[in-house]
Amino acid sequence: MVEQVSPLGPAWKSGRHNVTGTAPGVTLAETRPGSIVQVAAWPGEEKAVIDAVRAVTGLKLPDGAGGGIATEHKAAFGFAPGKFMVVTQVEGIEAELLKAIPNNVGTVTGLSHGRTALRVSGPKAEWVLGKLYAIDFALPAFPLHAGRSTMHHDVFTQIQRTGADQFDLYVFRSFARSFWTTLCHAAEEVGYEVR
Amino acid sequence: MLITCPYCGPRDVIEFTYQGDANRTRPDPASTDQAAWNVYTYDRVNTLGDHAEYWQHSGGCRSHLKLVRSTLTHAISSTAFVRDHGEKKSASRRKPGAAT
Ligand SMILES: [Zn+2]
């Protein structure tokens, strides 16, 4: 496999920053999935697309607005009516989804080169993200594995909660370094570790 | 001002883009009726109170919405997907907890 080049460049600085206690408030990471794919269903074909995603990835994507599912190596979630993100550590899932979703059912768009996946985890994850986005990150309002589309200033972001205190963020690759720097600044207050 | 997107739930107005007055009827694209196009392009009812409007959740799910906003209070009294032709959709695809 060819080594991926990170858009974060020199802004990615491994190690602990501003950690005063024994543990950082948040851990920041770039997850570098092999495949990031957007799947869209034509109106009325949502169930067929959900079934196709299950057949290809094994993920049981729940129906309903913002519903999602995540395992250690793959994830899927709804981010708009009839539209879903499918993310796997395996490369080339787009070709398999294209085979499973014919043109009359929906569309498959590969975003692996267009998005950067960032993970924010730790006891202060909700707090740090709450400073950036105008949405509620508390567990009752943002359930486990659910997805959200929102933005920080003009940086459009798709967010999935992949753990009680863990969120995966998908941002445009061209904005990723700038956004990462903003994220680091927001995390300074609580101390952060880059991994 | 909060707008409750039928998909995303209540969101700040900064995530939305105004797309115009929803009280107008667009003439047939093939029409050459100058007066009808003039009315469509320039005439506005300038409502005091509830006003039908198109908005897009451009900083969210990117759905096009038709809603009613009070020009007096900014209160939003109804929101629906344009793709449903302005009709309220069944609850099955709505986010739990989303206001009606
Ligand atoms: Zn929305």
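In this predicted model, Arg11(B) has a relative accessible area of 3% and is therefore buried. The side chain of Arg11(B) meets that of Glu15(B) in a salt bridge, with 2.9 Å from N to O. Glu15(B) also counts as buried, its relative accessibility being 1%.

In chain A, Glu126(A) and Arg161(A) form a salt bridge whose closest N and O atoms are 2.6 Å apart. Glu126(A) lies in helix α3 of chain A, whereas Arg161(A) belongs to strand β10 (residues 155–163), so the contact ties together parts that are 35 residues apart in sequence.

Another salt bridge joins Glu30(A) to Arg32(A), and here the closest N and O atoms are 3.5 Å apart. Glu30(A) is buried, with a relative accessible area of 14%; Arg32(A), with 30%, is partly exposed. Chain A also contains a network of salt bridges, which links Arg16(A), Glu193(A) and Arg195(A).

Over all chains, the count comes to 10 aromatic pairs. One of these is formed by Tyr133(A) and Phe179(A): the ring centres are 6.3 Å apart and the planes stand at 45°, so the pair is tilted. What does this pair bring together? Tyr133(A) lies in the loop between α3 (125–132) and β9 (147–152) of chain A, and Phe179(A) lies in helix α4 (residues 176–188) of chain A, so the pair ties together parts that are 46 residues apart in sequence. Tyr133(A) counts as buried, at 3% relative accessibility, and Phe179(A) likewise counts as buried, at 1%.

Tyr133(A) and Phe179(A) are also members of one aromatic cluster, together with Phe137(A), Phe142(A) and Phe167(A). Arg148(A) lies over the face of Phe142(A), at 4.6 Å from the ring centre. Arg161(A) lies over the face of Phe142(A) too, at 6.0 Å from the ring centre.

How values were computed. Residues numbered from 1 in each chain as written. Chains lettered and ligands numbered in written order. Predicted model: local features only at pLDDT ≥ 70, side-chain atom pairs only at ≥ 80, totals over all residues. Heavy atoms only, no water. Phe/Tyr/Trp six-rings, centres within 6.5 Å; stacked < 30°, edge-to-face > 60°. Helix = DSSP H or I, 4+ residues; strand = E, 2+ residues; numbered from the N terminus. Buried < 20%, exposed > 50% of the residue type's maximum accessible area, 1.4 Å probe, protein only. Lys NZ or Arg CZ within 6 Å of the ring centre and 35° of its normal. Salt bridge = Lys/Arg side-chain N within 4 Å of Asp/Glu carboxyl O.
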